[in-house]
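Please look over the structure below before reading on. The report then takes it feature by feature.

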Amino acid sequence: MPEAGRGRPGPIDPLLKLAIVCALAGLIAVPLHYGLSPFLVEFDELVALPGLRAVIVTSAALLLGHAALTLMFSLLYRPTPAARGELPRCTVVVPAYNEGPMVGVALGSILVGDYPRDRLEILAIDDGSTDDTWLHIQRIAREHPDVVRAIKMPKNGGKREALRAGFAAATGEIVVSVDSDSRLDPDALRNIVAPLMADPRVAAVAGKVLVLNRYSGLLTRLLAIRFFLAFDLGRAAQSRFGAVLCCPGALTAYRRSAVLAVLDRWSTQTFLGEPCTIGEDRALTTWLLRTGHRAVYQSTAVVHTLVPTHYAGLARMYLRWERGNLREGLTLLPVLATRWRREDRWWPTIDILLELGQVPLACVAVVLTVTHLLAAPLDILRLVATIAVFALVQSLCTLRSERSTDFLYGVGYAFFAFLCLQWIYPWSLVTVRNGRWMTR
C-alpha cells in the first residue's frame, strides 16, 4: 500500500511564504515609488465607451456583492451534529479505473472508520482497468468478505456507468460515493449521513474535500488553498439554501430512493446530441435539485483526495470540470424560469447565472486589460498589486478552518490562475460538447 498521507510542510515552506510576503510588499511599494495609485481602478481610462463601462462596472459590483454574501452565508453556516444512536444501513460505492495500489488506501480508510460494521456495505467496482487495480480490490474483498463486494465491469464504460451499476446493486438506504484516489477521515461516514437523518427533504450531502498530496510540490500547495476557497466557502453558503450545485464524487452521501427515481435519466443523459460522460457528480446533483430535493454541505465529513502535480494534468482536470459546469448550468437555465423549487430559489438562481456569465465577462476583461496595458505598460504594476491584495483578503478566510500561514499560498494561486488558467473558461465554452475524460 503506497504512502498516502497528507504530509508535513518541508523546510522550503518558510522560504516560499517569505518570498510571497516580500513580493506582496514590493507590488504595493513599486507603484507608490512611481507616484501611482497601487490599484488599477480608473474605469474611465480602461473603458472608453460609456455603455460598455456601465456594463463592466455593474458586473463588477454584482460579482463583489456575490462574493461578500457568499462570505457572510458561509460564516453563518453550521454543520449538522454527528449522527447518534442507530445508524442507517450505508452502501459505499468506490469506482476505480487504473488506480493501482491507491484503491487499497481508499477501501482501507473506509474499513477502519467508526461506522458500525454490521450497517456497512462496500462495493468496490473495477471499471475495466488494464493495470493491477482488480488484484488490489480482490485482496481487500478476500480479507473482508462480510463487508466488501468486488464487482468487475466487462469493459471500461466510464465513471458514470460504474456508479450506475453501484447504485443499482446497493442495498443500503443511504449510498455514499467515494473516489478511488481518496482517503476518508475515520468519522467521515458517521458525519455525512447526519443531514440525511435529520431532514427528509435532503437527498444529497457533499463532504469536505481537502488535498491529500498537499506538500508534494508548489502546485499542490497552491491547490490546497484553492480547494478550500472554491469548495468549502461556496458550498457552505449554498448549503444555507439547500442548493449545493455540485456534490463531489470524492465524497457524497445520497438518499438511495431519490437517486433511483432519476437514475435512468441521469445515466442516459445527452447534451447537444452527445452522451454526457463527464461531470457525473454535478449532473446527478442537478437532477436531484430540479426534482425538488435539497443538497447540503457537511464540513465535518472530510475526505483527502489526490490532485495533479503538473500543469498538464491540472489543465485537463479544470477543462473537464468547467465543461461539466457549463453544461449543467445551461441545462438548468430554462428551469430557472419555472417553479423548480418550492423555497430558497433566489440564491441558487443567482449562483447559476453568475457562473454562466463569468465566461463572457472573463473574455471581455482579458481583452480590455491587454488593450489598456499595451497603451500604458506601467499599469501592469498596479494590476498585479490589485490582484495580490484581493487574493490576500480572500485567502485570509482560510484561517477560519486552518490556523496556518498556508493562507499565503492563496496569493500565489491568484497569480498562477491569472497567468496560466485564463484560457480554461473560453476554451471550455467552445468545446463544451467534448466529453472526453482526458486522463483515462
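## A surface patch

L69 has a relative accessibility of 32%, so L69 counts as partly exposed. The model that gives this value is predicted. L69 is found in helix α3.

L69 belongs to a nonpolar patch on the surface, together with M72, L76, W346 and I350. The accessible area of the patch comes to about 430 Å². Two elements, α3 (50-76) and α13 (346-375), each give two or more residues to the patch. Helix α3 gives the most, with three residues.

## Annotated transmembrane regions

An unreviewed UniProt entry lists residues 15-34, 54-77, 352-374, 380-399 and 406-425 under "transmembrane region". Two of these segments can be described from the model. Over residues 352-374 the chain is 100% helix and 0% strand. The end C-alpha atoms of residues 352-374 are 34 Å apart. Over residues 406-425 the chain is 70% helix and 0% strand. Here the end C-alpha atoms are 27 Å apart.

## The chain as a whole

The protein chain has 16 helices and 10 strands. Its C-alpha trace spans about 75 × 55 × 40 Å along the principal axes. A compact globule of 440 residues would have a radius of gyration near 22 Å; the chain has 23 Å, so the two agree. Buried residues make up 53% of the 440 residues.

Strand β10 covers residues 294-305. Of its 12 residues, 11 are buried, so β10 is largely enclosed by the rest of the structure.

Strand β10 pairs with β5 and with β6. Strand β5 (residues 182-184) runs antiparallel to β10, and three bridges join them. L184 has V303 in β10 as its bridge partner. Strand β6 (residues 202-211) runs parallel to β10, and eight bridges join that pair. A206 has Y297 in β10 as its bridge partner.

Strand β7 covers residues 251-255. Four of its five residues are buried, so β7 too is largely enclosed by the rest of the structure.

Strand β4 (residues 174-178) pairs with β7 in the antiparallel sense, over five bridges. V178 stands opposite L251 in β7. Strand β6 also pairs with β7 in the antiparallel sense, over three bridges. A204 has Y254 in β7 as its bridge partner.

## A covered helix

Helix α11 (residues 280-290) is mostly covered, with 10 of its 11 residues buried. Among the buried residues are E280, D281, R282, W287 and L289. Just after α11, G292 takes a positive phi of about 100°.

## Positive phi in two loops

N98 has a phi near 50°, a positive value in a residue other than glycine. It is found in the loop between β1 (90-96) and α4 (102-111). N98 counts as partly exposed because its relative accessibility is 29%.

L272 also has a positive phi, near 55°. It lies in the loop between β8 (270-271) and β9 (274-275). L272 is exposed, with a relative accessible area of 56%.

## Salt bridges

The count of salt bridges comes to 19. In one of them the side chains of D146 and R117 meet, at 3.0 Å from N to O. This pair links distant parts of the chain, 29 residues apart. D146 is in the loop between α5 (133-143) and β3 (148-152), and R117 is in the loop between α4 and β2 (120-126). D146 counts as exposed at 55% relative accessibility. R117 counts as partly exposed at 36%.

E343 forms a salt bridge with R201, with the closest N and O atoms 2.4 Å apart. E343 is in the loop between α12 (311-332) and α13, R201 is in the loop between α8 (194-198) and β6, and they are 142 residues apart. E343 is partly exposed, with a relative accessible area of 39%. R201 counts as partly exposed at 41% relative accessibility. R294 forms a salt bridge with E343 as well, with the closest N and O atoms 3.3 Å apart. R294 lies in strand β10 and E343 in the loop between α12 and α13, so the pair ties together parts that are 49 residues apart in sequence. At 10% relative accessibility, R294 counts as buried.

Conventions
Residues numbered from 1 in each chain as written. Predicted model: local features only at pLDDT ≥ 70, side-chain atom pairs only at ≥ 80, totals over all residues. Heavy atoms only, no water. Buried < 20%, exposed > 50% of the residue type's maximum accessible area, 1.4 Å probe, protein only. Pairing = 2+ DSSP bridges. Patch = residues over 30% accessible without salt bridge, like charges linked within 9 Å, V, L, I, M, F, W, Y side chains within 5 Å. Areas by Shrake-Rupley, 256 points an atom, 1.4 Å probe, with all protein chains shown as cover. Salt bridge = Lys/Arg side-chain N within 4 Å of Asp/Glu carboxyl O. UniProt positions renumbered as here; feature names shortened; annotations may be inferred. Rg over C-alpha atoms; globule rule 2.2 N^0.38 Å.
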